[in-house]
Amino acid sequence: LKEIASRIKNLDQTAAQERFGLSAVLGSIGEGVLIVDRNLRIRLSNLGAARLLDLQGPAEGRPLVDAFRSAEVQQLVRNVLTRAQPRRGEVTVGAGG
């Protein structure tokens with residue numbers, strides 16, 4: 001059991017380090033970036049996304065629909081997840097958008 005506990009602790013530390021590194025990379029990107037899972041929940045985001053979408057509080061764990069109330073965005077993300085291929089789309093956000 002001690003060996004299993006040690007392995008779990010090491011895996012947790014590795015995952016935390018990787019998440020920290022990814023957060024640092026996302027933080028250095030000026031554009032808004034959201035990473036969502038298959039359930040359309042936001043897993044990671046950067047400050048650019050928070051500003052662009054006027055997000056209040058942490059975005060992580062929230063449904064994508066909380067950040068984007070656009071059916072176009074929801075469908076675009078679903079298409080990417082379903083087809084596992086990059087897609088392009090343009091959406092206007094902000095006052096009047």
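This is a predicted model: local features need pLDDT of at least 70, side-chain atom pairs count only at pLDDT 80 or more; totals for chains, interfaces and linings use all residues.
Reader: What is the volume of the largest pocket, and which residues are closest to its centre?

Author: The space in the largest pocket amounts to about 470 Å³. Of the 20 residues that line the pocket, Gly 32, Leu 34, Phe 68, Val 73 and Leu 76 are the closest to its centre.

Reader: What makes E1 and strand E2 a pair?

Author: Pairing requires at least two bridges between two strands. Three bridges join E1 to E2 (residues 42-45), and the strands run antiparallel; therefore E1 and E2 count as paired. Leu 34 has Ser 45 of E2 as its bridge partner. Five residues lie between the strands of this hairpin, and Leu 40 in the turn has a positive phi of about 60 degrees.

Reader: How do you know that the span of H4 agrees with its number of residues?

Author: At 1.5 Å a residue, the 13 residues of H4 should span 18 Å. The C-alpha atoms at its ends are 18 Å apart, so the two values agree.

Reader: Why are the buried residues of H4 said to line one face?

Author: Val 73, Gln 74 and Val 77 are the buried residues of H4. Viewed down the helix axis, the buried residues fall within an arc of 100 degrees, and therefore they line one face. Ala 71, Glu 72 and Thr 82, on the other side of H4, are exposed.

Note on methods: Residues are numbered from 1 along each chain as its sequence is written. Side-chain values use heavy atoms; hydrogens and water are left out. On a 1 Å grid over the protein atoms alone, a cavity is a set of points where a 1.4 Å probe fits but cannot get out, and a pocket is an open set with protein on both sides within 12 Å along at least five of seven lines; lining residues have an atom within 4 Å of a point. Grid points are joined across faces, edges and corners, and a volume is the space filled by probe spheres set on the points. Helices (H or I, at least four residues) and strands (E, at least two) are DSSP runs, numbered from the N terminus. The expected span of a helix is 1.5 Å times one less than its number of residues. Buried means under 20% relative accessible area, exposed over 50%, partly exposed in between (1.4 Å probe, protein chains only). The arc is that of the directions from the helix axis to the C-beta atoms.
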